[in-house]
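Here are my notes on the model you sent over. Have it open on your screen while you read, and go point by point.

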Amino acid sequence: MNRDPFTILTLLGTERMTAPPTVPHPVLTEAWAGLDWTARETAALSAMALVAAARGAGAMGVSDSKPEAEPAPVEILPSCSSGAAALLRRMLAGEHAIVLVEWLALAAAHGCRVRFRDLPALLRVVARDQALRIAALPVLGERGVWLARRTDEWRRVLETARVEDGAWETGELSERIAWLRQIRAHDPARAAESLAKAWPGASGEERERFAGVVAEAPTPHDVALLEGEALKDRRREVRLAARASLLRLPEAKFSERARAQVAAMAGAEGMLMMRRLTLRLPETFDAAWKANGIEEKPPAGTGPRAFWARQWIASVPLSAWTSRFDVSAEKLFALNRDDEWRETILLGWIDAAMAAPEKGNAEAFALHLIGLADWPKSAPSPAEVLPRLLTVLDPEACARVLAAVPATEADEGLYFELLFRTGFHLPDVAARRALERCLAAFQAKPYPRLQSNHARELARRLPLATAGEAVRRLAALPELSSPAEELLRAIEFRQQVHQAFTVSLPS
Amino acid sequence: MIVAAYPTSDQITALAPDATSLKAGRELAAPRKWALLGGDAETLWGLAQGSGKEPYQTRVALDGLSTKCSCPSRKFPCKHALGLLFIAAATPAALAEKNRPAWLVEWLTGRAERQEKTKERAEQKTAGIAAPVDETAQAKRLEKRAGRVDEGVALLSQWLADLARRGIADSGLNAHAAWDDIIRRMVDAQAIGLARRLRYAAEAARGGTGWEERLADHLGRLHLLLVAYARREACDADLRAELEQQIGWTLAQEQVLAGPPVNDSWFVAARTVREEDRLVVSNTWLQGLSTGRWAQLVRTSPLVQPAVDTWPPGRTLTGELCFYPGIEPLRALWRGEPQAGAADRGAPGAESIEDVLGRYASGLALNPWRTRLPALLSARPGTLRNGGAGLLDASGAALPLRTDADTRDLVLAITGGRESLISVLWDGEALEPLAVADGAEWVPLTRQNLER
């Protein structure tokens, strides 16, 4: 770097000065001439003062800077009220964050948008969570969409937004995902064709995201790509998404093959009361299975043959079993007893249901699983499996599953997990029952068995109609444990949020 | 100050002494936690159920937002007062009681009397009728202090000369230790202004690219100050007052209030709250709507009992300001309570970047130690030639913006890339954004409370 003599002087000091430095800028010539370099240090410090003043006073605007290329479009939606915005701000700062999704839904229902000043914080929070992303989109307004487009992380929020038709060819990944969803909804053939064309050139991450979109609602148009490419993809996530999609496409060759494989392995023997399912494990690994996404090497602690069988069973929906044996789901589960490999069958069923739960048998399967004496060790935990099953059930069925969890201390954990991990709103009756169980757990001695996070989740689940009763009963407790206090506060906060969106304040 | 309606949530937030009180205050904003809630156009009151046997009596006077509570908290205002204010802002209908209780009336009467007395005393003081001062003792104290300051000045002059001789590249100046000793000595010499300038210089020495220029600027200005201070007897009164304050002499408030007041409607352009030397420093930047004059209100309080000015950006306050003596002074004090406008009266006219630079240059010519200038710009965010963030005005001129990514996002969100009113501080190198207009609402871009 070339430095002027004056800067060199300040850096190296007057003790190394050989000659007075030349003036660093013509504007200082006259003042510079007045410096007396016989008193070197004083002259150097005075020179610094001169330069400082000249630099400050001589600052100029930068002329060829670029403004934002495209300013945000004009806003159409009105902004939410200042009261509602103040509550949103608190949630974005971490207070009562569980009520956020409800706030967003209320804002969307009232046709208003988030205030400009809250957009960055909102985008930061919702970008990490799919449910929030979907809920936030309608209330972002033009400004929010404009802002989200500028940052990679925030762009994901736009994945469910409507995009231009050219987005598939020219857009960012988030826009291509949005396009794919959009086109799949009304022209699945065209979407499948475009996806097939892009697939060979797509990166691993892109393939994973595309396969994820297909798995949301697979159609017969997807079969060719799923069977031909995705099922034997290098990425495990892509293979699993393909299998989950094909589970729901009985017309696929893969489904036929899987059903044939399972039919060859599994059967029934005995009559009437003695009737039960049997399983014969495959002796060797057929190299052709690889193309079906079946893995050869089992994880540690699992025998290879049982592992192959489990994967095949996981490739067939439960409804294929009920129709093959012409029994109800309840009956089918009852038939799986006594056999040496009954746990392998159950594991396969669990895997299949996790990949693609079926509305027709999810309730029965959930009730069956809740009733199990021993949970299979190598299965995902009940807290993972049961909420997944509940996703395809309506609130009433969910409430029935919930009610089936025994009211014992041992099962209380599962009850609350189910209550809190799933997204449904409880019907009124179930909500009252849930409140009873929670109130008891809050007051358990010496320590409340429910934690504050559970309390907040409960507050979110309660229908607003029962909120008033909940507040009254909680406030009437002789002493409030901190989770109970948390519940009370969260309910009150929800009430405030609803109030902020009604036109006039209730007196 | 007269507030026509109940304060807004933003105003209450600005009132909170710290984040903990704010959170506690919000939690108390639930009517069920109060045994009694009342309010009228002038005052709010409530009985808060606390941990004690008797509920706490909480009172708020809406003019000036002064509060009083029977709780033992040393925070001011306490969480109960904040809770009461939040209730008034969110659910005014909950303030059902309309008959003022005796404990409220008593406080209001006492308060009115005290206000009257303070006013009288201030008037007496300005008129010079106050208690006689032992002038000999005072002169002696001043002389002693002046001697100490002079010693400090001499010491610092020597220290600067040594530094100039050794050069700033060679002195390990990016280590704290290099500065701690001299800063402590300036504090001991009661030359707080010098200590503060040294701290800024130390920060510059530890800074990134261009540190050597910035440090040389700081040292040069410091040298200039020491030289000028040594010759202060020969200067006119304003310059002398300026130099003394720059060194660290403080002026008694009544001395400031004795000066000629400037009456105007003052627009609150920005407000900052920060911690400095275990003190809470709140700065409020005002611009007169008719005079166009800028003013800076500084309030310092100990960290344990923070007190800050509470007018949020965007409000207009009508009243008389007395400026500290000095060269083109910014720092001022209210003479009497300012009146907050019921409705906001809009912002003063904005400046262009050229205006600001011109004002800065002529300001430096008069006062080379004033290195930060408040301004209200009409500008839009953009990207500078070097890729950094900047603000551009309508003419296309731009200045760099010194800000973190979050603040930049906030400016973008609020302006949408369009020209907007932004209040800034210009320090000769970069703009520090302080607040931005979102329509009629002003959004602060700096911390408004102390987080702990």
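1. Chain A and chain B bury about 4800 Å² between them, and 56% of that area sits on carbon and sulfur atoms. Keep in mind that this is a predicted model, so treat the figures here as computed from it.

2. In residue terms, 58 residues of chain A touch 62 residues of chain B.

3. Polar contacts across the interface of chain A and chain B come to 20 residue pairs, with both residues at pLDDT 80 or more.

4. Which elements of chain A give two or more residues to the side that touches chain B? They are α1 (5–12), α3 (40–57), β1 (66–67), α4 (82–92), α6 (119–126), α8 (141–148) and α28 (482–501). The largest share comes from α3(A), with 12 residues.

5. Now for a spot on the surface of chain A. A:M271, A:L272, A:M273 and A:M274 make up a nonpolar patch there, and together they have about 600 Å² of accessible area.

6. Take A:M273 from that patch. Is A:M273 buried or exposed? A:M273 counts as exposed because its relative accessibility is 73%, and the cut-off for exposed is over 50%. As for where to find A:M273, look in the loop between β2 (266–269) and β3 (276–279) of chain A.

Definitions and conventions: Residues numbered from 1 in each chain as written. Chains lettered and ligands numbered in written order. Predicted model: local features only at pLDDT ≥ 70, side-chain atom pairs only at ≥ 80, totals over all residues. Heavy atoms only, no water. Patch = residues over 30% accessible without salt bridge, like charges linked within 9 Å, V, L, I, M, F, W, Y side chains within 5 Å. Areas by Shrake-Rupley, 256 points an atom, 1.4 Å probe, with all protein chains shown as cover. Salt bridge = Lys/Arg side-chain N within 4 Å of Asp/Glu carboxyl O. Helix = DSSP H or I, 4+ residues; strand = E, 2+ residues; numbered from the N terminus. Buried < 20%, exposed > 50% of the residue type's maximum accessible area, 1.4 Å probe, protein only. Contact = heavy atoms within 4.5 Å. Buried area = accessible area lost by both parts, 1.4 Å probe. Polar contact = N/O pair within 3.5 Å; in protein donor to acceptor, adjacent residues only side chain to side chain.
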